[in-house]
Amino acid sequence: MGNYTIIADTGMRLVTMLQDALVPELISSDSEIGLRSPEDRGDVALGLFLYDVRQSEEVFQPMRVVHNERISRPPLYLSLYYMITAYARGDAAYRLTQDALILGRVIQFFHDNPVIPVEKVDAQAADGIELHVQMLDLDMDEKSKIWSFPNVGNRLSLFYRISPVAVDSAVSRAFARVAEVDVHVSPREVQRD
């Protein structure tokens with residue numbers, strides 16, 4: 001399970017996975033792949049932008065025991081929505097081809113790796129719930145609403161959902177386990193009609 005850092009940890013894990021998949025074949029260095037808003041992309045060649053976080057309905061868990069004498073609220077499960085955009089450099093003809101190559105490799109990588117073991121994101125995780133990577137099928141109107149940055153032209157982008165991402169509750173309370181049961185049975189009279 002994850003504490004409040006799990007959203008940031010998930011983004012950084014995605015960056016690391018894409019660095020392993022793209023560097024040095026298509027992108028020259030790890031520093032050129034990062035979490036960036038399209039309006040403040042800096043020097044990245046591939047930017048991942050977390051544009052939405054929603055509660056996930058895929059998983060439900062009841063109260064759970066944390067340590068031997070404490071119980072906590074169940075985690076809140078989230079779906080994280082990312083826009084992935086390539087920013088190749090050079091003349092326009094080269095940029096379009098390079099963008100297509102980079103995005104093609106991202107698609108191939110996530111198609112081949114649709115599940116991320118949660119331990120890869122949060123080393124403390126013990127619940128075994130895997131994170132699923134799903135490419136979203138958005139129409140142009142939905143994409144243009146997401147890409148609504150003033151003075152920034154639209155670029156070809158990919159849209160993915162990562163879920164379920166668990167945020168642990170910080171609320172817990174003490175409880176006592178039943179250690180002994182004393183049962184008394186007394187005979188009852190049977191009434192006959």
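**Entry 1: the second largest pocket**

I looked up which element gives the most to the lining of the second largest pocket. It is α3, with three residues. The model is predicted, so I keep that in mind for every entry here. I then asked which elements supply at least two residues each to this lining. They are α3 (140-146) and β8 (157-167).

Next I listed the lining residues. They are M83, M140, K143, S144, W147, N154, R155, L156, S157 and F159. I sorted the lining by class and got five nonpolar, three polar and two charged residues. The space in this pocket comes to about 170 Å³.

**Entry 2: R155 and its partner**

R155 is on the lining list of the second largest pocket, and I followed its side chain. R155 forms a salt bridge with D99. The closest N and O atoms are 2.7 Å apart. D99 sits in helix α2 and R155 in the loop between α3 and β8, so the pair ties together parts that are 56 residues apart in sequence.

Is D99 buried or exposed? I find D99 buried, because its relative accessibility is 9% and the cut-off for buried is under 20%. R155 has a relative accessible area of 26%, so I note R155 as partly exposed.

**Entry 3: other salt bridges**

How many salt bridges does the structure hold? I count four. I looked at E32 and R89 next. E32 forms a salt bridge with R89, with 3.0 Å between the closest N and O atoms. E32 lies in the loop between α1 and β1, and R89 in the loop between β5 (76-86) and α2 (92-112), so this pair ties together parts that are 57 residues apart in sequence. E32 is buried, at 13% relative accessibility. R89 is partly exposed, with a relative accessible area of 40%.

I also checked D52 and R54. D52 forms a salt bridge with R54, and the closest N and O atoms are 2.7 Å apart. D52 has a relative accessible area of 23% and is partly exposed. R54 is partly exposed as well, at 47% relative accessibility.

**Entry 4: the chain as a whole**

I stepped back to the secondary structure. The chain has three helices and nine strands. From the N terminus on, I read the elements as α-β-β-β-β-β-α-β-β-α-β-β. The chain has 193 residues, and 37% of them count as buried.

I went through the backbone next. Most residues other than glycine have a negative phi, and most peptide bonds are trans. I noted the exceptions below against that background.

P24 is in the loop between α1 and β1 (33-35). E32, from the salt bridge with R89, lies in the loop between α1 and β1 too.

The peptide bond from S163 to P164 is also cis, with omega near -10 degrees. I place P164 in strand β8. β8 is one of the elements that supply at least two residues to the lining of the second largest pocket.

N151 has a positive phi, near 65 degrees, and is not a glycine. I find N151 in the loop between α3 and β8. R155 lies in the loop between α3 and β8 as well. N151 counts as exposed because its relative accessibility is 84%, and the cut-off for exposed is over 50%.

**Entry 5: a nonpolar patch**

I looked for nonpolar surface. V181, V183 and V185 make a nonpolar surface patch of about 350 Å². Where is V185 found? I find V185 in the segment after β9 (172-174). V185 counts as exposed, at 77% relative accessibility.

**Entry 6: A8**

A8 is found in helix α1 (residues 6-22). Its relative accessibility is 47%, so A8 counts as partly exposed: the value falls between the cut-offs of 20% and 50%. I then took the C-alpha distance from A8 to L50. It is 9.7 Å, for residues 42 apart in sequence.

Terms used: Residues are numbered from 1 along each chain as its sequence is written. This is a predicted model: local features need pLDDT of at least 70, side-chain atom pairs count only at pLDDT 80 or more; totals for chains, interfaces and linings use all residues. Side-chain values use heavy atoms; hydrogens and water are left out. Helices (H or I, at least four residues) and strands (E, at least two) are DSSP runs, numbered from the N terminus. Buried means under 20% relative accessible area, exposed over 50%, partly exposed in between (1.4 Å probe, protein chains only). On a 1 Å grid over the protein atoms alone, a cavity is a set of points where a 1.4 Å probe fits but cannot get out, and a pocket is an open set with protein on both sides within 12 Å along at least five of seven lines; lining residues have an atom within 4 Å of a point. Grid points are joined across faces, edges and corners, and a volume is the space filled by probe spheres set on the points. Ala, Val, Leu, Ile, Met, Phe, Trp, Tyr, Cys and Pro count as nonpolar, Asp, Glu, Lys and Arg as charged, and the others, Gly among them, as polar. Patches are made of residues with over 30% relative accessible area and no salt bridge: like charges are joined within 9 Å, nonpolar side chains (Val, Leu, Ile, Met, Phe, Trp, Tyr) within 5 Å. Accessible areas come from the Shrake-Rupley method with a 1.4 Å probe; for residues, only the protein chains shown count as cover. A salt bridge is a side-chain nitrogen of Lys or Arg within 4 Å of a carboxyl oxygen of Asp or Glu.
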